[in-house]
Amino acid sequence: MEWDLTELTEQARRAARELCEAAALRPGDLLVVGCSSSEVTGHAIGSFSSTQVADALFEGIFPVLSKRGIYLAAQCCEHLNRALIVEEEAARAHRLEVVNAVPQPKAGGAFATAAYREFSHPVAVERVQAQAGMDIGDTLIGMHLRPVAVPVRLSLRAIGQANLVCARTRPRYIGGERAHYDPALG
């Protein structure tokens with residue numbers, strides 16, 4: 001089955017824009033994206049990697065983030081222990097430990113492979129604490145979000161055939177019944 005790659009790019013672009021706005025992301029923030037190109041095309045996760053689909057989604061997401069100065073963290077699949085591909089600049093800015101792995105479509109995932117190929121200076125890291133996240137196809141990005149994660153409902157519920165689940169994070173509420181909180185923080 002052929003997919004309208006232009007439509008997938010537009011869906012990804014729209015989702016990235018909406019999430020950036022809803023999460024009030026600022027320059028220097030991290031946004032983690034987990035993506036199953038298999039799920040986008042209606043197949044079981046990990047069974048039908050598509051570099052063309054991953055490239056289309058990357059083309060929609062990355063420019064939106066770059067324009068805002070937000071770093072993309074592309075989550076690899078379980079074969080690389082869900083490591084992430086980031087720009088070296090992001091690793092330095094967020095004090096992330098670099099590990100040695102180069103994703104491939106069947107060992108890291110097609111989306112992470114696209115990020116590795118398209119970033120200026122890509123590196124792999126084992127973990128991040130992102131301010132927001134986009135999960136395309138039930139890839140389980142929660143381990144890479146800061147506490148406390150809050151669901152974000154976008155106008156899109158899917159990209160292609162894949163479920164789309166997004167989240168932002170907010171600071172923890174501390175204190176007791178007499179505590180007051182700053183509504184601007186979350």
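Is arginine 68 buried, partly exposed or exposed? Arginine 68 is partly exposed, because its relative accessible area is 27%, where buried means under 20%, exposed over 50%, and partly exposed in between, with a 1.4 Å probe and protein chains only. I will come back to that residue.

First, the ground rules. This is a predicted model, with residues numbered from 1 along each chain as its sequence is written; local features need pLDDT of at least 70, and side-chain atom pairs count only at pLDDT 80 or more, while totals for chains, interfaces and linings use all residues. Side-chain values use heavy atoms, leaving out hydrogens and water.

Now the interior. A nonpolar core here is a set of buried Ala, Val, Leu, Ile, Met, Phe, Trp, Tyr and Cys residues joined through side-chain atoms within 4.5 Å. The largest one has 42 residues, and Phe111, Met134 and Ile136 have the most contacts inside it. Elements that each supply at least two residues of this core include α1 (5–22), α3 (51–68), α5 (110–118) and β9 (162–169). Helices are DSSP runs of H or I with at least four residues, strands are runs of E with at least two, and both are numbered from the N terminus. The largest share of this core, eight residues, comes from α3.

Take phenylalanine 111. Not counting residues up to four places away in sequence, phenylalanine 111 touches Val33, Cys35, Ala54, Leu57, Phe58, Ile61, Leu72 and Ala74, contact meaning heavy atoms within 4.5 Å.

Next, charges. Side chains of opposite charge can pair when their charged atoms come close. A salt bridge is counted when a side-chain nitrogen of Lys or Arg is within 4 Å of a carboxyl oxygen of Asp or Glu, and the count comes to six.

Back to arginine 68, which pairs with glutamate 21, the closest N and O atoms being 3.4 Å apart. That pair links distant parts of the chain, with glutamate 21 in helix α1 and arginine 68 in helix α3, 47 residues apart. Glutamate 21 is exposed, at a relative accessible area of 58%.

Arginine 13 forms a salt bridge with glutamate 10, at 2.8 Å between the closest N and O atoms. Both lie in helix α1, three residues apart, about one turn of the helix. Arginine 13 counts as partly exposed because its relative accessibility is 22%; glutamate 10, at 33%, also counts as partly exposed.
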